[in-house]
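Grab a pencil and have a look at the protein below. Try each exercise yourself before you read its solution.

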Amino acid sequence: MAVTKSIFGLFAAPPMPLEAQRWAERLGLPLLERLPQNELVFVYDQGGLGLLSTAPGAPGAVRVDFAALHYRRKGGSLRKEAAARALGLRGDRALNVVDATAGLGTDAFMLASLGASVRLIERSEAVAALLEDGLARAAQDPELAPIVERMALYCGDALAWLPRLAQMQAIDAVYLDPMYPEAGTKGQVKKEMQILRALIGHDNDPSALLAEGLKVAPRVAVKRPRKAPSLGGRPSHSLEGRSTRFDVYVSAGPDTASQA
Ligand SMILES: C[S@@+](CC[C@H](N)C(=O)[O-])C[C@H]1O[C@@H](n2cnc3c(N)ncnc32)[C@H](O)[C@@H]1O
């Protein structure tokens with residue numbers, strides 16, 4: 001696994017944990033004994049693997065922490081989540097969803113918490129490493145283990161993975177949440193997004209993903225900024241929130257007969 005050059009190395013405080021050494025080796029990054037200034041670095045500590053910008057004023061390390069999501073959400077109604085409604089999750093049948101822009105896995109974890117089987121595709125190897133570490137830590141927690149058992153991670157481009165995953169098992173719905181272009185974003189961007197943007201920039205092929213999604217599944221839900229144009233054509237319908245909108249595309253799809 002080779003990571004984008006924009007990550008300077010992996011820092012862990014001495015004594016260097018074995019896990020930190022393993023990650024540095026896998027990611028092809030040098031192990032750092034001190035934090036460099038103004039760089040993007042991986043850090044490894046009791047909280048697992050994190051990605052940290054050491055620029056002045058940058059937020060703290062970003063990591064995939066499913067336990068924090070789970071225990072924060074407990075008690076709240078997940079079923080009200082617009083993403084779940086957009087994908088057609090109803091509770092009477094466990095859906096096979098592919099989250100083709102997995103990012104830090106927040107949406108995928110919510111969908112798996114609602115009973116969906118979720119295959120996550122992430123193109124950035126650095127982000128996929130954070131996800132893999134987060135999934136492994138969650139699997140150690142007896143309350144989270146049954147949820148993350150329904151999540152499987154695939155690292156690579158969704159344009160290539162979607163047809164392969166469809167061949168392995170029918171896909172009920174594809175979820176897309178591409179990075180928004182920076183221009184036009186109002187207010188403070190969450191620290192996760194700041195780091196993802198520093199690492200990835202914005203995604204330039206989301207319309208192609210929509211087209212591919214519609215080839216392999218009868219339903220695609222796309223998360224967009226509320227006022228942004230749709231990714232392609234007129235959606236079948238949309239669900240609007242305060243700042244986001246979910247465009248739902250329903251196609252005849254290859255698997256409609258088996259879904260009936
Ligand atoms: C806005 S983030 C997704 C956030 C995610 N919904 C969450 O809940 O954390 C978009 C992610 O999609 C990934 N991505 C964009 N295009 C992709 C593609 N063609 N294949 C796989 N991943 C892609 C980017 O690398 C980025 O990590």
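This is a predicted model: local features need pLDDT of at least 70, side-chain atom pairs count only at pLDDT 80 or more; totals for chains, interfaces and linings use all residues.

Residues are numbered from 1 along each chain as its sequence is written.

**Exercise 1.** Find out where pLDDT stays under 50.

Step 1: pLDDT is the predictor's confidence in each residue, from 0 to 100. The protein chain has a mean of 89, and 89% of its residues reach 70 or more.

Step 2: Now check the ends. The value stays under 50 over residues 1–5 and again over residues 255–260.

Step 3: Count contacts beyond four places in sequence (C-beta atoms, placed from the backbone, within 7 Å). The model has 12 for residues 1–5 and 6 for residues 255–260.

**Exercise 2.** Work out why strand β9 is largely enclosed by the rest of the structure.

Step 1: Helices (H or I, at least four residues) and strands (E, at least two) are DSSP runs, numbered from the N terminus. This chain has 10 helices and 11 strands.

Step 2: A residue is buried if 20 or more other C-beta atoms, placed from the backbone, lie within 10 Å of its own.

Step 3: In β9 (residues 219–225), 6 of the 7 residues are buried, so the strand is largely enclosed.

**Exercise 3.** Which strands pair with β9, and in what sense?

Step 1: Strands pair if DSSP finds at least two bridges between them.

Step 2: β8 (residues 173–176) pairs with β9 in the parallel sense over 3 bridges, and Y175 stands opposite A221.

Step 3: β11 (residues 244–250) pairs with β9 in the antiparallel sense over 7 bridges, with R219 opposite V250.

Conventions:
Two residues are in contact if their C-beta atoms, placed from the backbone, lie within 7 Å. A residue is buried if 20 or more other C-beta atoms lie within 10 Å of its own, exposed if 12 or fewer, and partly exposed in between; C-beta atoms are placed from the backbone.
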